[in-house]
Amino acid sequence: PKRILFLASNPADTGRLRFDKEHKEISESIRRSKYRDFCELDEAFAVSARDIARKILDVRPHIIHFTGHGTRTGKLVAENAEARQMLGPNALGNLLSSFSDTVELVILNACYSERSAEAILKHIPFVIGMRDAIQDQTAIDFAIGLYDAFGDRGYDFTPQNLDWAVNFAKNIALI
């Protein structure tokens, strides 16, 4: 089965995200999919950089789905004991290079995550990132569309299947 790792970060000193709703909707998309028996969903919330690395080691996912905040400089915002922890694009790309043998797709459902996506793409075959800011509900709708598309077409990623899934998800997010 394809192992999906849902990672969420929403430090207290940042705007509230409804990552719980996003997780619930992804779970529902998988549950109603004809490919539901071929997927396992694992999750970690309030993640720090160390949590991310450890959870990837534990789960060995095929798909990593990060939801949280991103900065205009392309950094993703994780959490630590004090509040925020910034994950730079190159550091994240380097971390994920250690898992290029299992990770097939990384989804960065965070504002301004395009730079991180480009750094990760050097090591992982498929990455989805956001060029600009994205509203929370739009991000949730995009995730619903994406996993509904995977549920319809399967989790065999080719450029054509992934392009179709991303376009489908964008259209769902615009409804």
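Me: Which residues lie nearest the centre of the largest pocket, and how many residues line that pocket?

Reply: The largest pocket is lined by 23 residues, and Ile 128, Gly 129, Met 130, Val 166 and Lys 170 are those that lie nearest its centre. This is a predicted model, in which local features need pLDDT of at least 70 and side-chain atom pairs count only at pLDDT 80 or more, while totals for chains, interfaces and linings use all residues. Residues are numbered from 1 along each chain as its sequence is written, and side-chain values use heavy atoms, with hydrogens and water left out.

Me: What makes a space a pocket, and what makes it a cavity?

Reply: On a 1 Å grid over the protein atoms alone, a pocket is an open set of points with protein on both sides within 12 Å along at least five of seven lines, whereas a cavity is a set of points where a 1.4 Å probe fits but cannot get out; lining residues have an atom within 4 Å of a point. The largest pocket holds about 640 Å³ of space, and the largest cavity has a volume of about 80 Å³.

Me: Which helix gives the most to the lining of the largest pocket?

Reply: H6 gives the most, with seven residues, and at least two residues each come from helix H4 (114–121), strand E7 (126–128), helix H5 (136–153) and helix H6 (159–174).

Me: How many residues of each class are found in the lining of the largest cavity?

Reply: That lining has eleven nonpolar residues, no polar and no charged ones, where Ala, Val, Leu, Ile, Met, Phe, Trp, Tyr, Cys and Pro count as nonpolar, Asp, Glu, Lys and Arg as charged, and the others, Gly among them, as polar. Among the residues that line the largest cavity are Leu 7, Ile 52, Phe 66 and Leu 108.

Me: Why is Asn 109 called buried?

Reply: Asn 109 has a relative accessible area of 3%, and buried means under 20% (exposed is over 50%, partly exposed in between, with a 1.4 Å probe and protein chains only), so Asn 109 is called buried.

Me: What makes the pair of Asn 109 and Glu 22 a polar contact?

Reply: Their side chains make a polar contact at 2.8 Å, and the term asks for a pair of N or O atoms within 3.5 Å, of which, within protein, one must be able to donate a hydrogen and the other to accept it, while residues adjacent in sequence count only if both atoms are side-chain atoms.

Technical notes: Grid points are joined across faces, edges and corners, and a volume is the space filled by probe spheres set on the points. Helices (H or I, at least four residues) and strands (E, at least two) are DSSP runs, numbered from the N terminus.
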